[in-house]
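Subject: The structure we talked about

Hi,

Here is the structure I promised to pass on. Please have a look at it first, and then read on for what I found.

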Amino acid sequence: MSQIRGMAVSSLIRLSRSGSTPAQWVYAAAHGVRRYSAAAAGAPLPLEGYRVLDMTRVLAGMRTAEVIKIEHPTRGDDTRAWGPPYAKYKPGSGREGPGESAYFLGANRNKKSLGLSFQHQGGVDILHKLAAKCDILVENYLPGTLKKYSMDYETLRKINPGLIYASITGYGQTGPYSNRAGYDVMVEAEFGLMHITGSRDGPPVKVGVAVTDLTTGLYTSNSIMAALLSRARTGKGQHIDVALSDCQTATLANIASSSLISGKKDSGRWGTAHPSIVPYRAFKTKDGDILIGGGNDRLFGVLCNGIGRPHWKDDAKFKTNADRVAHRNELEAEIEAITQQRTTQEWLEVFEGSGMPYAAINDIQGTLNHSHTKARDMVIEIDHEYCGPIKMVNTPVKWSETQPIVRTPPPVLGQHTDEILSEHLGLSESDIASLKDEGVIMRERC
């Protein structure tokens, strides 16, 4: 089955479960939806009371609510094998192999793993029973694939009319490309982003992270939240069709708007520069780079004072932004000749408190160890049962009353299979043993 990259529901992912409104409790009572408490102490978490059936692979997945992640019973999610690096298993953990991949760990906390094959009818029966008890289902298979297994929206809405079913694909459920497997980099290329990314005279390049996957996740999460609000009023679920290609087109933002209004070809790649603001780019220093944003005439004046060229403020070639854009090459060369005379840190100290936007360009370790990153608690440590302490990026949003937390580390493959089948579906030990013998669910393994 084709793997679709997409950071499905990445903001909903990072929440945790939210307090239910009276309307939601009415819906729950009418439709038999089970509500349950958050695992964290204190106030309810933001999405307490919602259960998600996660049938996504790779990055298109959820990390919120009570998330039941369906994985292939022998190989699991593809990203389990995407390494190194791996968080190695502790001595005496009872597990063998290289460990848990950093890729998988980065996208699957607060989930429960159910190792199940829905190529068996018994697996489909289990999924139908789980879908009846879930609020949301998220999947990222090619259109039509899950219909073969009776896991399509039309089938499941008969089982659970309130189910919100989100399908994340490369190109959507309709259109000439709908049957193509959609990978982030291909969508970046064909839908404009790669064309406008890279140095001015260089080739097109992809963004350093799978940004189209991530923005697709944000659109998906917002859509799911809106669908939950709609369901609270109507009692009805719905099918959400989210395509990486559509989300990529939408996030061309002002550049797409400019092309639509002007009817002209875009201005291409600008590296770190801005097509209509000067100076607004990275400049070399003695030991690295510094980004400077002279977004208006006042800020340009601040820059002139900081680099010891106050007379530029009254130079006819540089007086207004339009003048500076017209003389971009000359001005930027003059600025860089000056910035290369000091280190990045020295320039940071020069502009500190000036009100002008500026920044060093840090690598990933520099970012994770940054004083501001630490002050904002963006790196946390959690104890993994089999790997010991592991560090993770924290949720980026700060809440005054219901701050989400990392309740549980990412699961090992099939870790919660028995728990889910017994607690949610009421299966006995003998029932579960029979399913293992039939190959429907995974056996315990090291």
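How many bridges join β9 to strand β10, and do the two run parallel or antiparallel? The answer is five bridges, and β9 and β10 (residues 289–293) run antiparallel. Please keep in mind throughout that this is a predicted model.

The three-stranded sheet

That pair belongs to an open sheet of three strands in the order β9-β10-β11, with antiparallel pairing. At its edges are β9 (280–284) and β11 (358–360), each of which pairs on one side only. Neighbouring strands here are turned by 20° against each other on average, direction ignored. If you want a place to start looking, Arg-281 has Ile-292 in β10 as its bridge partner. Helix α12 (residues 328–339) lies across β9 and β10, and runs at about 40° to β9.

The six-stranded sheet

There is also an open sheet of six strands, with parallel pairing and the order β5-β2-β1-β6-β7-β8. The edge positions are taken by β5 (111–115) and β8 (238–243); each has a single partner strand, so one side of each is left without a neighbour in the sheet. From one strand to the next, the twist averages 20°.

Within this sheet, β1 (residues 51–55) and β6 (residues 136–139) pair in the parallel sense over four bridges. Asp-54 stands opposite Val-138 in β6. Helix α4 (residues 121–132) packs on the sheet and touches β1, β2 (66–71) and β5, with its direction making about 145° with that of β1. Another helix, α7 (residues 211–234), lies across β6, β7 (164–169) and β8, and runs at about 165° to β8.

Asp-135 sits in the loop between α4 and β6. Is Asp-135 buried or exposed? Its relative accessible area is 0%, and because the cut-off for buried is under 20%, Asp-135 counts as buried. The side chain of Asp-135 makes a polar contact with the side chain of Arg-231, at 2.9 Å.

The other one is Glu-188, found in helix α6 (residues 184–190). Glu-188 is buried too, with 1% relative accessibility. What does the side chain of Glu-188 reach? It reaches the backbone nitrogen of Val-207, at 3.0 Å. Beyond its neighbours within four places in sequence, Glu-188 is in contact with Leu-193, Met-194, Lys-206, Val-207, Val-209, Val-211 and Thr-212. Val-205 is 17 residues from Glu-188 along the chain, and the C-alpha atoms of these two are separated by 9.2 Å.

The nonpolar cores

The largest nonpolar core has 30 residues, and those with the most contacts inside it are Leu-53, Met-55, Phe-118, Ile-126 and Leu-421. At least two residues of this core come from each of β1, β2, α4, α5 (153–159), α16 (417–423) and α17 (429–438). Which of the elements gives the most to this core? That is α4, with five residues.

Leu-53 is worth a click: not counting residues up to four places away in sequence, Leu-53 touches Ile-68, Ile-70, Leu-127, Leu-130, Ala-131, Cys-134, Ile-136, Leu-137 and Val-138.

Best wishes

Methods
Residues numbered from 1 in each chain as written. Predicted model: local features only at pLDDT ≥ 70, side-chain atom pairs only at ≥ 80, totals over all residues. Heavy atoms only, no water. Pairing = 2+ DSSP bridges. Axes fitted to C-alpha atoms, helices over the stretch in contact; angles between N-to-C directions. Contact = heavy atoms within 4.5 Å. Buried < 20%, exposed > 50% of the residue type's maximum accessible area, 1.4 Å probe, protein only. Polar contact = N/O pair within 3.5 Å; in protein donor to acceptor, adjacent residues only side chain to side chain. Core = buried A, V, L, I, M, F, W, Y, C linked by side-chain atoms within 4.5 Å.
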